[in-house]
Amino acid sequence: MKTKLIFLLILCISFQKLMAQAPFEKIIFKNQIINFGAAEPHQDAEVTRLQGGRLVYKKVTVPNFPKGTDVTIKLSLQSNGDRWDKSGSCFVVTDPKQISILDVSKGDKMFPKASFMSEKHGGVLPTENYKPVVELLRFMTPFGVGYFSNEEGKHRKPVYIPKWENEVVWTQDISDLETIVSGSFYIGVWIDTWVKEGYKIDLRLIYSNRPRKTTKVMPLANTISYVKGQGLPDFFAHGPLDYTFELKKNIKNVKLHYITTGHGGHSGGDEFIKIKNSIYINNKLVLDTIPWRDDCASFRRFNPTSGVWLRKDSTAYMDRETRTYKVKEIEERLASSDLSRSNWCPGSKVEPFVVDLGNLKSGKQTLKIVIPATPAGKDKSNHWLVSAYLTYED
């Protein structure tokens, strides 16, 4: 009898350990509409819609992971009738007790003056009582995926694509951000749509529960126009972003995470020209890069409503009769979604640049972001969507 009790106790302990190490998955949004207009009748009661529905968020509670864990974010998107490519951002509010974009959007608070980069764009820089949201995932919607993935677009489909995809799915390892996506927190998604149809998304967080070293997170800047009081972020054309902050103690294994995309939407705009991004920490150049994507044609299957032009070209082909290569002039499809862009493609996510800064000593620190951008004009909406944060160990 005693042996059986010991065996059962060991079995129970082993089961508890197994359960403690089991992966955990949290569904945040399911078939959630993001649009500019009326809410759908059967909206999730836990979801709050802001800015006419262009931003949705909810409070989420998941387990705490004292020993750390890997975290993966997974976002699926379909067009619900919006046929254009739009900027998108999934974010987390790091400290809801402070002023946040959620308070500002509801009219309860105003952005602190020190957070402004220009008269028309507040909420960019952290202050004592305000922190910009931290981006978990930057993405760009494709042209019409899902809603327009039908036979009507068959004449736009290149021969190398077997079919138009029904959705686009992005995953991102955000394990460095585990401490701000554990316990209770506010998470949201913003898409720059201006039509009532908008988009439909699913969002989930996946926790491996595999022990790993945890890191803390410090927001540094975010230029995305999530809410009112944040106009077109075109200020890089007029000077750098400068931010001074203070560390109360030494921190180690510091990494800078930098997400950047250029936009304009017109010929010669910052969306379509190569512009260098230079990042300085404490007056030291730590990142000097031209953010650019020239693989956008690989996302063609997600873009059924992309504009298509015909371009004359010459091609070598195998002649069936002579079994030799010949050259002839043809007309080739060129889709708008194929064009190279400033660090993004329609249907792509945006990978952060990660820079190892080593250890930082207590005291004042400086961040400078230099982008010699093109000024915006009446019909030229040049701007740069930039966010930055530090991860570190005490």
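View 1. Buried means under 20% relative accessible area, exposed over 50%, and partly exposed in between, with a 1.4 Å probe and protein chains only. Strands (E, at least two residues) and helices (H or I, at least four) are DSSP runs numbered from the N terminus. E11 pairs with strand E19 (residues 363-370) in the antiparallel sense over 7 bridges, and Glu-246 stands opposite Lys-364 in E19. Two strands pair if DSSP finds at least two bridges between them.

The model is predicted: local features need pLDDT of at least 70, side-chain atom pairs count only at pLDDT 80 or more, and totals for chains, interfaces and linings use all residues. Residues are numbered from 1 along each chain as its sequence is written, and side-chain values use heavy atoms, with hydrogens and water left out.

**View 2. Strand E10 (residues 216-222) pairs with strand E20 (residues 383-393).** The two strands are antiparallel and share 6 bridges; in E20, Thr-391 is the bridge partner of Val-217. Of the 7 residues of E10, 6 are buried, so E10 is largely enclosed by the rest of the structure.

**View 3. An open sheet is formed by 6 strands.** The order is E2-E3-E8-E5-E6-E17, with antiparallel pairing. Strand E2 (48-50) and strand E17 (349-350) are the edge strands, each pairing on one side only. Within the sheet, strand E3 (residues 55-61) and strand E8 (residues 184-191) run antiparallel and are joined by 7 bridges. Trp-190 in E8 is the bridge partner of Leu-55.

**View 4. Phe-111 and Tyr-130 form an edge-to-face aromatic pair.** Rings of Phe, Tyr and Trp (its six-membered ring) pair if their centres lie within 6.5 Å; planes under 30 degrees apart count as stacked, over 60 as edge-to-face and the rest as tilted. The count by this rule is 13 aromatic pairs. For Phe-111 and Tyr-130 the values are 5.5 Å centre to centre and 80° between the planes. Both residues lie in the loop between helix H2 (101-105) and strand E6 (134-140), so the pair ties together parts that are 19 residues apart in sequence. Phe-111 and Tyr-130 are buried. Elsewhere, ring pairs link Phe-24, Phe-65 and Tyr-207 into a cluster.

**View 5. The charged end of Arg-341 sits over the ring of Trp-344.** The distance to the ring centre is 5.1 Å; the rule requires NZ of Lys or CZ of Arg within 6 Å of the ring centre and within 35 degrees of the ring normal. Arg-341 lies in the loop between strand E16 (325-335) and E17 and, at 1% relative accessibility, counts as buried. Leaving aside neighbours within four places in sequence, Arg-341 is in contact (heavy atoms within 4.5 Å) with residues including Asp-85, Glu-271, Trp-292 and Ser-336. The charged end of Arg-83 sits over the ring of Phe-148, 4.4 Å from its centre.

**View 6. Ile-161 is found in the loop between E6 and strand E7 (168-173).** Ile-161 counts as buried at 4% relative accessibility. Leaving aside neighbours within four places in sequence, Ile-161 is in contact with Arg-300 and Arg-301. The C-alpha atoms of Ile-161 and Ser-208 are separated by 35 Å, and the two residues are 47 residues apart along the chain.
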